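Please examine the structure shown below.

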Amino acid sequence: MNKNFRISERVLRIQKSAIHEMTRLSKEIEDVAFLSWARPTSDTPEHIKAAAIAAIKNGLVGGYSETAGLLELREEIVKKLKRDNNIDADVSEILVTVGAIEAISAAVMAVIDPGDEVILPSPTYSTHIRQVLIASGRPIFVPTLEDKEFSLDLERIEKAITPKTRAILYCSPSNPTGTVFKEEELRRLADIALKRNLMVITDEAYEYFVYDGNKHFSIGSIPEMKNNVISCFTFTKTYAMTGWRVGYLYASKNLIPQIRKAHIPFAICAPAVSQYAALAALKGSQECVAQFRKHYFKARNLMCDRLDRLNSIFAYQRTSGSYLMFPKILIPEGKDSATFCKRLLKQAKVSTTPGVAFGPTGEGHLRLSFCVSEDEINKAFDRREKYFIG
Ligand SMILES: Cc1ncc(COP(=O)(O)O)c(C=O)c1O
């Protein structure tokens with residue numbers, strides 16, 4: 001390639017992914033205890049795989065589906081939104097996408113013009129930052145309140161709004177902090193968005209993984225938000241379907257045709273085979289979801305116990321959702337989380353993700369995933385104890 005070939009500004013503004021960098025470095029070392037990925041390690045349940053195989057055998061998956069997704073799948077999604085999210089949707093208000101990621105990208109593309117500002121309560125999922133950048137938007141990081149379990153700082157959010165602000169993009173339960181924003185906080189956020197006519201884009205990927213009596217609340221269930229919300233969901237986490245690449249969004253009838261214009265150039269439609277698998281996931285028993293939740297809850301408790309034994313090195317908020325924790329590093333070396341994580345990998349053979357990947361307010365922290373086996377957690381923490389305490 002010509003060395004001087006000009007790469008687009010919007011792509012140049014995107015930094016290398018710290019998660020992928022840690023994965024790459026981890027591969028160079030043998031027998032790493034791996035806590036870097038927010039990816040379920042369980043396999044997709046058998047009845048979902050069987051439905052996909054049947055769809056292949058019946059010749060249903062060789063072509064594109066409707067760009068908005070299979071009608072039957074959208075009908076099931078409508079039922080699910082009513083049952084679990086208290087959202088009253090019509091099939092025409094659903095767009096099936098290539099995971100939640102493509103849903104959020106299409107949403108951002110549909111509402112952001114170059115130079116528009118998007119408020120990201122942070123630390124926030126690193127991909128959200130990139131989604132704003134690739135739309136030539138400006139991410140505006142508004143810190144959450146760490147000493148209040150990383151809850152929303154609504155006053156600061158309101159102060160951060162300028163004439164260029166177009167949207168607020170958040171995930172709850174949060175990646176990386178695991179915080180579940182409370183209904184009351186989200187109702188106040190909705191008031192702010194309505195007062196200033198902002199679009200709220202949600203990422204509800206971890207909606208089913210909440211603990212200790214916390215409840216997931218969908219801001220899209222507030223009737224007044226109808227024209228100011230794009231709610232994004234996925235099958236990835238709920239049914240351990242990471243590689244199937246299927247998710248969906250809910251938005252008003254007026255918005256869907258516009259968002260679909262952004263969806264088509266990137267995807268045309270979600271993979272047909274995965275849509276049949278998703279249909280089986282929604283129609284089948286939900287026992288697998290309960291099992292995953294039970295496993296993550298136990299793993300969360302184990303990780304907290306193990307972190308307690310390292311309380312001179314890390315301070316943490318007990319995660320109330322997702323399968324992630326975001327402890328603060330108390331020792332001086334933690335100020336540079338990228339170097340800290342690389343050293344931990346090389347010297348203790350434990351792979352984690354540096355907090356700086358999740359926006360400037362994430363610096364000084366590291367992200368740990370507990371969607372792994374208890375043995376993996378114990379292995380990682382045995383090594384860390386040896387490394388930090390000796
Ligand atoms: C907050 C959040 N949203 C979305 C995704 C990816 O979702 P999908 O696989 O549906 O694109 C992840 C994956 O780690 C995530 O943590």
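**The ligand and the aromatic rings**

In this predicted model, an oxygen atom of the ligand lies 2.5 Å from an N or O atom in the side chain of Thr 234. An oxygen atom of the ligand is also found 2.6 Å from an N or O atom in the side chain of Arg 245. With Asp 203, the ligand contributes a nitrogen atom, which is 2.6 Å from an N or O atom of that side chain. The ligand taken alone exposes 400 Å², and the protein buries 93% of this area. Around the ligand there are 13 residues. The closest of them are Ala 100, Asn 175, Asp 203, Thr 234 and Arg 245.

The aromatic rings form the next topic. A pair of such rings is described by how far apart the centres are and by the angle of the planes. In this structure there are 16 aromatic pairs. One of them joins Tyr 296 and Tyr 323, with 4.7 Å from centre to centre and 55 degrees between the planes.

Where do Tyr 296 and Tyr 323 lie? Tyr 296 belongs to helix α11, residues 287–308, while Tyr 323 is in the loop between β9 (314–315) and β10 (324–325). The pair therefore ties together parts that are 27 residues apart in sequence. Tyr 296 has a relative accessibility of 1% and so counts as buried. Tyr 323 is buried as well, its relative accessible area being 0%.

A further pair is formed by Phe 314 and Phe 388. Their arrangement is edge-to-face, with 90 degrees between the planes and 5.7 Å from centre to centre. Phe 314 is in strand β9 and Phe 388 in helix α13 (residues 374–388), and the pair links these distant parts of the chain, 74 residues apart. Both Phe 314 and Phe 388 are buried.

Tyr 296 and Tyr 323 also take part in a cluster.

Key. Residues numbered from 1 in each chain as written. Predicted model: local features only at pLDDT ≥ 70, side-chain atom pairs only at ≥ 80, totals over all residues. Heavy atoms only, no water. Phe/Tyr/Trp six-rings, centres within 6.5 Å; stacked < 30°, edge-to-face > 60°. Helix = DSSP H or I, 4+ residues; strand = E, 2+ residues; numbered from the N terminus. Buried < 20%, exposed > 50% of the residue type's maximum accessible area, 1.4 Å probe, protein only. Near = heavy atom within 4 Å. Polar contact = N/O pair within 3.5 Å; in protein donor to acceptor, adjacent residues only side chain to side chain. Areas by Shrake-Rupley, 256 points an atom, 1.4 Å probe, with all protein chains shown as cover.
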